Amino acid sequence: MALNALRGWNKVTSTLLLDMDGIERLREIKTKHAHVKVIILTQYADMKFYRTMMSMGANGYLLKSTTENQFIQDFNAVVFDNATVSGQGFMDEVQKKSSELKSTLGAREIEVLGLVCREMSSHEIASKLNISFHTVNNHRKSIMKKTGQLTLAGLANWAREHNVV
């Protein structure tokens, strides 16, 4: 949908990155041509990838499913108004994805995850929730399995990125 908006344009003053080696391409473009405005056009509603691209200097991050009108509006904001855009479609997808991920965790798991994010130890969590140390560890293992995280630091980052806590 979004690409249809570019048909008929004689001059495109920004660069659209269309593939997954976008990080390397963005780095290369911004190193050689810092003035070039870059809009990431992707199918991935991934907050981590979004943050990486924006921190590297991308001017926009839009989903390929963005409507034609929204694409034109966001494209013009970047090109003519020097704005940085993330597109409503992207934010909607991130919210939907976060809600889906959060719904896979039980209420107690979310509670334990919140305390893990506050850097509490398993013993402290057990004491606070009046449950055993082993139950806390079982919750942590379950949460890590469901989220695909291998470390507590990764788990805390995941929780923040997905607005779970």
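In this predicted model, helix α7 passes α8 in a left-handed crossing. The axes of these two helices, α7 and α8, come within 11 Å and cross at roughly 65°. The points below begin with the residues of this contact and then turn to the cores, individual helices, loops and the chain as a whole.

**The contact of α7 with α8**

- On the α7 side, the residues that take part are Arg 140, Ile 143, Met 144 and Thr 147.
- On the α8 side, they meet Leu 152, Leu 155 and Trp 158.
- Sorted by class, this contact of α7 with α8 comprises five nonpolar residues, one polar residue and one charged residue.

**The nonpolar cores**

- In soluble globular proteins, nonpolar side chains tend to be buried together.
- The largest nonpolar core here consists of 18 residues, and Leu 113 and Ile 125 have the most contacts inside it.
- Four elements each supply two or more residues to this core: α5 (107-117), α6 (122-129), α7 (133-147) and α8 (152-161).
- Of these, α5 gives the most, with five residues.
- Ile 125 is in contact with Val 112, Leu 115, Val 116, Met 120 and Val 136, when its neighbours within four places in sequence are left aside.

- The buried residues of α6 include Ser 122, Ile 125, Ala 126 and Leu 129.
- Viewed down the axis of α6, its buried residues fall within an arc of 100°, so they line one face of the helix.
- The other side of α6 carries His 123, Ser 127 and Lys 128, which are exposed.
- Among the elements that cover the buried residues of α6 are α5 and α7.

**The loops on either side of α6**

- The loop between α5 and α6 contains Glu 119.
- Glu 119 is not a glycine, yet it has a positive phi of about 65°.
- Glu 119 counts as exposed because its relative accessibility is 72%, and exposed residues are those over 50%.
- The residue that follows α6 is Asn 130, which is found in the loop between α6 and α7.
- Asn 130 is likewise a residue other than glycine with a positive phi, in its case near 55°.
- The relative accessible area of Asn 130 is 72%, and the residue is therefore exposed.

- Helix α1 (residues 22-32) has Gly 22, Leu 26, Ile 29 and Lys 30 as its buried residues.
- These buried residues fall within an arc of 90° when seen down the axis of α1, so they line one face of the helix.
- The exposed residues Thr 31 and Lys 32 are on the face of α1 turned away from its buried side.
- Strand β2 (residues 37-42) contains Ile 40.
- Ile 40 has a relative accessible area of 2% and is therefore buried, the limit for a buried residue being under 20%.
- Ile 40 and Leu 26 are 14 residues apart in sequence, and their C-alpha atoms are 8.9 Å apart in space.

**The loop between α3 and α4**

- Ala 83 is found in the loop between α3 (68-81) and α4 (88-104).
- With a relative accessible area of 24%, Ala 83 is partly exposed.
- Residues up to four places away in sequence not being counted, Ala 83 touches Asn 59, Ala 77 and Val 78.
- Asn 59 and Ala 83 are 24 residues apart in sequence, while the distance from C-alpha to C-alpha is 7.2 Å.

**The protein as a whole**

- The protein has eight helices and three strands.
- Along the sequence, these elements follow the pattern β-α-β-α-β-α-α-α-α-α-α.
- The protein has 165 residues, of which 42% count as buried.
- Among contacts in the protein with a separation of 6 or more, 54% are between residues 24 or more positions apart.

Definitions and conventions
Residues are numbered from 1 along each chain as its sequence is written. This is a predicted model: local features need pLDDT of at least 70, side-chain atom pairs count only at pLDDT 80 or more; totals for chains, interfaces and linings use all residues. Side-chain values use heavy atoms; hydrogens and water are left out. A nonpolar core is a set of buried Ala, Val, Leu, Ile, Met, Phe, Trp, Tyr and Cys residues joined through side-chain atoms within 4.5 Å. Buried means under 20% relative accessible area, exposed over 50%, partly exposed in between (1.4 Å probe, protein chains only). Contact means heavy atoms within 4.5 Å. The arc is that of the directions from the helix axis to the C-beta atoms. Axes are lines fitted to C-alpha atoms, for helices over the stretch in contact, and angles run from 0 to 180 degrees between N-to-C directions. A crossing is left-handed if the near helix is turned anticlockwise from the far one by less than a right angle, and right-handed if clockwise. Ala, Val, Leu, Ile, Met, Phe, Trp, Tyr, Cys and Pro count as nonpolar, Asp, Glu, Lys and Arg as charged, and the others, Gly among them, as polar.
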